[in-house]
Amino acid sequence: MDFYVDVPIWVGYNKYKSCIQNAMGYNMSSDRKNVITKKAYAKVNLGLDVIRRRADGYHEVKMIMQTVDLCDVLTLTRQEKPGIVVTTDREDLPGDEGNLAYQAARLVMETCSIEEGVKIELQKRIPMAAGMAGGSTDAAAVFHGMNEMFELGMSEDEMCALGVKIGADIPYCIRGGTALAEGIGEILTKLPDAPDCIVLIAKPDIDVSTKYVYENLHAEKLDCHPDIDGMRAAIEAGDLRGVAERMGNVLETVTVNAYPVIGEIKEAMKKRGAWNALMSGSGPTVFGIFEEEEKARAAYADIIGANLAGQVYICGWAGRDRKKS
Ligand code: ATP
C-alpha cells in the first residue's frame, strides 16, 4: 500500500488556529510542551537501483530503505519571541538556513502561521555527507517535534507533503522503518521490519559528493541491476539470508573505482563473516550485516586497526515504532 499521499496541509493549519483561538489568542493550556527531545535515526539502503535519468535531471530510483539505531538528538524549546535558532555541536554544520533542520522549522512556521519561536539544539552523531540521510532525518525530527509542540495535528501524510518540498528523502525519514522508495525517493510503500541482525557501519575519512556520483552514473548503460522485487519478497518472508544475497547499489559503479577504500572496507567485513556488505546511498559509508556480534566486533577492530575508517559503529535496525520515540 502506498503511504505517501499528496494532501493539502490546511487541516493542520486550521487545528492550530482553533487551538490558539480557544485560549484568548494563545494556547496557555498547562499541558503544553515547551521542551521536546527527538531522536533522528540514520538510514541505509539495502538496495538502490536507478531506473533512468529524467528530462528534468532528477533520477528515478527504486530503493529499499532501512533505519538504523544510530541517531542524532534534537532538543526543541518553545520561545515566546518569533524566529528560529539552531545550534549544533559541530563547527562544520551551519546553524542558519543552510541546515535542513532550520529549513524544516521555517516551512512549518510559515505554513501554520506560528507566531512564536523555536530553538533547536542539534547533537550530531550520524556521519555527515555519508549517504545516511543525516540532514533529512534531522528535518523529519523537526516536523514531528513541532507538530507535537505547537499541537498542529498534522498527519504523517501531511508532514510528508511538506517535507518533500525540502528533500526527496524527507518523507521516508518522517515514516522510518523498512520501506520501498520509488519516484525520486518520495513514493513510499511500507514493508514489514527487516529481519534482525547486527549491523556494522563504517564511514571512511573521505568526502563524496552526491552530485558527483549521480553526474558520473551512466544509468542507461548499467548492465546489472539489484533484484529489488526479490529483496522485498525476502523481507516479507523474514529471510535474512535472502536479503543479504540481494543487497546491491548501482552507485557503487561510480564510487568503488574512484575511492578504492570503499571496496577495501567491504572486503574487511566479508572476511570476518559478514553475510554481505554494501555502500549506502551515494556513499562513502559501508554497512555489513552479521548474524553474530563477535564477528562484527572482529571486523570493527580490523577496520580501525587498518585505518580504513574513522567512524565505525555496531548497531541494529531501528523499526518504525522505535523511529517514533
Ligand atoms: P543523503 O544520504 O540524503 O544523500 P548524506 O548523508 O549524504 O545525505 P548529509 O549528512 O545529510 O548527507 O549532509 C549533506 C550536506 O548537507 C552536508 O554537507 C551539510 O553541510 C548539509 N546539511 C544541512 N543540514 C544538515 C544537517 N542537519 N545534518 C547534516 N548535514 C546537513
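**Figure 1. Helix α3 gives the most to the shell around the ligand, with four residues.** Helices (H or I, at least four residues) and strands (E, at least two) are DSSP runs, numbered from the N terminus. The model is predicted: local features need pLDDT of at least 70, side-chain atom pairs count only at pLDDT 80 or more, and totals for chains, interfaces and linings use all residues. Residues are numbered from 1 along each chain as its sequence is written. The shell has 19 residues, and L100, A133, G134, G135 and D138 come nearest to the ligand. A residue is near a molecule if its C-beta atom, placed from the backbone, lies within 6 Å of it. By type, the shell divides into eight nonpolar, nine polar and two charged residues. Here Ala, Val, Leu, Ile, Met, Phe, Trp, Tyr, Cys and Pro count as nonpolar, Asp, Glu, Lys and Arg as charged, and the others, Gly among them, as polar. Domain 1 (10-191) and domain 2 (198-320) both give residues to the shell, so the ligand lies between them. The domain bounds come from an automatic or database assignment.

**Figure 2. The largest nonpolar core has 96 residues.** Such a core is a set of buried Ala, Val, Leu, Ile, Met, Phe, Trp, Tyr and Cys residues joined through C-beta atoms within 7 Å. Buried means 20 or more other C-beta atoms within 10 Å of a residue's own; exposed means 12 or fewer; C-beta atoms are placed from the backbone. A101, A105, V142, F143, M146 and L200 have the most contacts inside the core. Strand β2 gives the most to this core, with nine residues. Beyond its neighbours within four places in sequence, L200 is in contact (C-beta atoms within 7 Å) with residues including M269, F287, F290 and I314.

**Figure 3. Helix α7 (residues 228-236) has the buried residues I228, M231, R232, A234 and I235.** They cover an arc of only 160° around the axis, which puts them on the same side of α7. The arc is that of the directions from the helix axis to the C-beta atoms. The buried residues pack against β1 (35-53), β2 (59-79), β5 and α8 (240-245). D229 and E236 are exposed, on the face turned away from the buried side. G238 follows α7, with a positive phi near 65°.

**Figure 4. E186 sits in the loop between β5 (178-182) and β6 (187-190).** E186 is buried, with 20 other C-beta atoms within 10 Å. E186 and V164 are 22 residues apart in sequence and 6.9 Å apart in space, C-alpha to C-alpha.

Key. Contact = placed C-beta atoms within 7 Å.
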